[in-house]
Amino acid sequence: MRQDGRARRRGSIALVALASLFVLLPAVGLALPGQTPPPTPVPVPGGGTSPSPFPATLQAPAPSNQPPSVAAASAVLADLDTGRVLWGKEAEERRPIASITKIMTAFIVIQRSDPSDVVTVSPDAAAPARSAGISELGLVPGERISVQDLLYALLQQSANDAAVALAEHVSGSVDGFVADMNAEARRLHLGETRFASPNGLDDAGYSSARDLAVLTRAAFESPLFATIVATKVHRIPAPSGPPRMIQNRNVLLWLYPGAVGVKTGFTTPAGFCVVAAATRDGVRLTAVVLGEPGEPFSDAAAILDYGFASFEQREVVAHGQGFGSVPIGGRDVQVSAGEGLSGLVPVGARIRRVITVLPGVTFPPAMGERVGYVEVSAPNLKLGRVPLVVSALPGPPPAEPGPWWRRAGSAVVQGVSSVLSSLFG
């Protein structure tokens, strides 16, 4: 019996040691890229952490041209190149977004600092308030570390201490940085967004799936951002000892063909969240999943699959394309497209074009003058607006029949009539 008890105790110790090893994988550098993501610890509902919360396979249905059914409270599919929303579920609903907040943090840091800048870690940044210990790089007070390495820790490992260090470096204080975040949200016209911290631990912040798609598109304009969010593992020097190996928590980088980012997040109020991006055959899509009760990656994959299966890149208006004539001052004026318009449209969809003449345009307009616009749409999808410019003017009206002296007399009468009208009218 004593031997059985010792064996059970040895087995329990081994399991604890194995779990501890999984928890420490990102720190000790044992997580290696492969066909499936190595275990990475993240917080789980009810408290604590799980050493292996990520799926080894995605539970997404076969790609279909029917909109996906997702368990998430809010979701969006958008064209990453144009920002056009292709599909959504409660797309404008305000929701807590947890560590998805860090997309804005990275966006501002990349705009306002150089990757080679060196940050000296403050005591506050080394131990940020309410930080979940597993979501930290393990910064120490006085440590000197580059902005680029902090960005890798921020976006890959979701390091809360890195978020605070970057905020202090860019704006002088966390409060100042939060003010800058909200100013940037207003500049991007993110009407359903408010930030309360640089890391998302304060759930007073919120956003919407649509706003996050807009923010993600803006962030992808930075090659550095695009590189970091697509990287699986990264090595960061430590103040002493071996370098710290961090691992991306976005399982789609391993499991979804064409995945190129972006960011995961979890708090109990926010649920599981992910902003995902993928590219295939020149088409770039982003999927935002908020408030998922379980792992969010399968729903993100289903949304992306729907996008790749159901939409195609098309030129819907060519630059210079003729649109016939429009009436201006009682005369027909030839118009054409002042610019082209391309984008993702439903496969096989008929394109609708509606022409509008600008009010107040008088005859004769100048060649090339903008006199209207054409609105282009597909079923349930607005594609955009293209200006219409003058491409040809009508010739002079035909001469009146009859002898020349009669036509001349008529012209004189009309001229005198016009003068009298201007004087006494």
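This is a predicted model: local features need pLDDT of at least 70, side-chain atom pairs count only at pLDDT 80 or more; totals for chains, interfaces and linings use all residues.
Colleague: Is helix H2 (residues 102–112) largely enclosed by the rest of the structure or largely open, and how many of its residues are buried?

Modeller: A residue counts as buried when its relative accessible area is under 20%. In H2 the buried residues are Lys 102, Ile 103, Met 104, Thr 105, Ala 106, Phe 107, Ile 108 and Val 109. The helix is therefore largely enclosed by the rest of the structure, and the number of its eleven residues that are buried is eight.

Colleague: How is H2 oriented relative to helix H4 (residues 147–156), roughly parallel or roughly antiparallel?

Modeller: Two packed helices are described by the angle between their axes and the distance between the axes. The axes of H2 and H4 come within 10 Å and cross at roughly 165°. Because angles over 145 degrees count as roughly antiparallel, the arrangement of H2 relative to H4 is roughly antiparallel.

Colleague: Which handedness does the crossing of H2 and H4 have?

Modeller: The crossing concerns two helix axes that come within 10 Å of each other. The handedness of the crossing of H2 and H4 is left-handed.

Colleague: How many cavities of 30 Å³ or more does a search of the whole structure find, and what is the volume of the largest cavity?

Modeller: The search of the whole structure returns one cavity of 30 Å³ or more. Ile 97, Thr 101, Gly 200, Asp 202 and Gly 205 are the closest to the centre of the largest cavity, among the 13 residues that line it. The volume of the largest cavity is about 60 Å³.

Colleague: How do the residues lining the largest cavity divide into nonpolar, polar and charged?

Modeller: The lining of the largest cavity consists of 13 residues. They divide into six nonpolar, four polar and three charged.

Colleague: Which element supplies the largest share of the lining of the second largest pocket?

Modeller: The second largest pocket has a volume of about 290 Å³. Its lining has 13 residues, and those nearest its centre are Asn 65, Tyr 306, Phe 311, Pro 346 and Pro 379. Strand S4 (85–89) and helix H10 (297–310) each supply at least two residues of that lining. The largest share, three residues, comes from H10.

Colleague: How many residues lining the second largest pocket are charged?

Modeller: The lining of the second largest pocket includes ten nonpolar residues and three polar ones. The number of charged residues in that lining is none.

Colleague: Is Pro 55 buried or exposed, and how far apart in space are Pro 55 and Glu 295?

Modeller: Pro 55 is found in the loop between strand S2 (49–50) and strand S3 (74–79). Its relative accessible area is 15%, so Pro 55 is buried. Although Pro 55 and Glu 295 are 240 residues apart in sequence, their C-alpha to C-alpha distance is 7.9 Å.

Colleague: Is Gln 66 buried or exposed?

Modeller: Gln 66 has its place in the loop between S2 and S3. Its C-alpha atom is separated by 7.9 Å from that of Ser 310, a residue 244 positions away along the chain. Since the relative accessibility of Gln 66 is 53%, this residue counts as exposed.

Colleague: Where does Val 262 lie, and what is omega for the cis peptide bond that joins Gly 261 and Val 262?

Modeller: Most residues other than glycine have a negative phi, and most peptide bonds are trans. Val 262 lies in strand S9 (residues 259–267). For the cis bond between Gly 261 and Val 262, omega is about 25°.

Colleague: Which loop holds Pro 364, and what is omega for the cis peptide bond from Phe 363 to Pro 364?

Modeller: Pro 364 belongs to the loop between strand S16 (352–357) and strand S17 (370–378). The bond from Phe 363 to Pro 364 is cis, with omega near 0°.

Colleague: Is His 189 buried or exposed, and what is its phi?

Modeller: His 189 is found in the loop between helix H6 (174–187) and helix H7 (209–219). With a relative accessible area of 70%, His 189 is exposed. His 189 is not a glycine, yet its phi is positive, about 60°.

Colleague: What is phi of Asn 380?

Modeller: Asn 380 is in the loop between S17 and strand S18 (381–392). Asn 380 is exposed, with a relative accessible area of 84%. Its phi is positive in a residue other than glycine, near 65°.

Note on methods. Residues are numbered from 1 along each chain as its sequence is written. Side-chain values use heavy atoms; hydrogens and water are left out. Buried means under 20% relative accessible area, exposed over 50%, partly exposed in between (1.4 Å probe, protein chains only). Helices (H or I, at least four residues) and strands (E, at least two) are DSSP runs, numbered from the N terminus. On a 1 Å grid over the protein atoms alone, a cavity is a set of points where a 1.4 Å probe fits but cannot get out, and a pocket is an open set with protein on both sides within 12 Å along at least five of seven lines; lining residues have an atom within 4 Å of a point. Grid points are joined across faces, edges and corners, and a volume is the space filled by probe spheres set on the points. Ala, Val, Leu, Ile, Met, Phe, Trp, Tyr, Cys and Pro count as nonpolar, Asp, Glu, Lys and Arg as charged, and the others, Gly among them, as polar. Axes are lines fitted to C-alpha atoms, for helices over the stretch in contact, and angles run from 0 to 180 degrees between N-to-C directions. Angles under 35 degrees count as roughly parallel, over 145 as roughly antiparallel, 65 to 115 as roughly perpendicular and the rest as oblique. A crossing is left-handed if the near helix is turned anticlockwise from the far one by less than a right angle, and right-handed if clockwise.
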